[in-house]
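Let's take a walk through this fold, one neighbourhood at a time. Keep the viewer open and click along as we go.

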Amino acid sequence: MPPPIPPRWDPTPSTGSGWQPFFSPDMTPTPTYTTLMNDIFSYLDPQNTGTLLPETFSRFLDDMGYLPHENAWKSGLTATFNQSAASNADKTLKNAFDLFAIDHQLLQRAQGPHVDPTGLTQTLQGVLGGAFSSMGRQAAPPMPAITRKGFVDITVIEVLSDPSREWANFSRMLRKYNLPRYIGWGDLPRSVIPAVADQAMLNRVAGVTAFAKQKGEAELEAARAQAAIQARGNQAAIDLISDTRYEYRYV
């Protein structure tokens, strides 16, 4: 059963106008900040679905000035033997959301036939024929769609981790989006964002990064073992029906 349609964010100006601090002394976001982020979310979600698809969230990061390697979805956008580029990117983004406990919903991505960029599929199909259909291809992972809450939370992490950079990013984005509520407010003052990074947030990011590195190394070893087993199985199947031999190396 699909989730209920969320109430539409009210775009009418709040009491008072003009830029106010984004964070309280204890580094919790103020109404000024949450209102701004909800306005941005509504701008990116004109149909009021309550979530942003990975492509939309990725475009927001582009608009903020993030480089491709800083954009989790874009950095994972590479097709492999058994997954499309979008599926791999969805998995990368979901991992990032999970690591930082970012609220999101899992949706099913509509995809066409997979095109294997490695050429291995074509080779095995030529040798194995119909028997290949049960080998290798994995089901597409779910597509992570960030919610309003998740959107606010993930931007807080970024702002408190690198305030000066995010002030420049927000200034760039606000000029591009030209949101109605903020017309006439002028440029975003540097003073609305903390002068220096929040140490508690830096500690949190460092801890998550260390955990992700450890987890990634373990998953890499498991993937290498699985790939080696799969390669041996593929080789055995080929040897049964053909004199052609292929050697797979995993390093």
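Start at S58, which, leaving aside its neighbours within four places in sequence, is in contact with N71, W73 and K74; contact here means heavy atoms within 4.5 Å. This serine is found in helix α2, residues 54-64, and at 3% relative accessibility it counts as buried. Buried means under 20% relative accessible area, exposed over 50%, and partly exposed in between, using a 1.4 Å probe and protein chains only. Helices (H or I, at least four residues) and strands (E, at least two) are DSSP runs, numbered from the N terminus.

A word on ground rules: this is a predicted model, where local features need pLDDT of at least 70 and side-chain atom pairs count only at pLDDT 80 or more, while totals for chains, interfaces and linings use all residues. Residues are numbered from 1 along each chain as its sequence is written, and side-chain values use heavy atoms, with hydrogens and water left out.

Now hop over to helix α7, residues 163-177. Its 15 residues reach 20 Å from the first C-alpha to the last, close to the 21 Å expected at 1.5 Å a residue; that expected span is 1.5 Å times one less than the number of residues. Which residues of α7 are buried? They are P163, E166, N169, F170, S171, M173, L174 and Y177. The buried residues of α7 pack against α1 (31-44), α2 and α6 (148-161).

For a closer look, click on F151: beyond its neighbours within four places in sequence, F151 is in contact with M37, I40, F41, L44, L52, F57, F60 and I146.

Next, the rings. The structure holds 14 aromatic pairs. Rings of Phe, Tyr and Trp (its six-membered ring) pair if their centres lie within 6.5 Å; planes under 30 degrees apart count as stacked, over 60 as edge-to-face and the rest as tilted. Y33 and F170 have ring centres 6.2 Å apart and planes at 55°, so this pair is tilted. Because Y33 lies in helix α1 and F170 in helix α7, the pair ties together parts 137 residues apart in sequence. Both Y33 and F170 are buried, and they belong to a cluster of ring pairs that also links W19, F22, F23, Y182 and W185.

Finally, find the open three-stranded sheet, with order β1-β3-β2 and antiparallel pairing. β1 (51-52) and β2 (104-107) stand at the edges with a single partner strand each, so one side of each has no neighbour in the sheet. Strands pair if DSSP finds at least two bridges between them; β2 and β3 have four, in the antiparallel sense. Within this sheet, H104 stands opposite I146 in β3.
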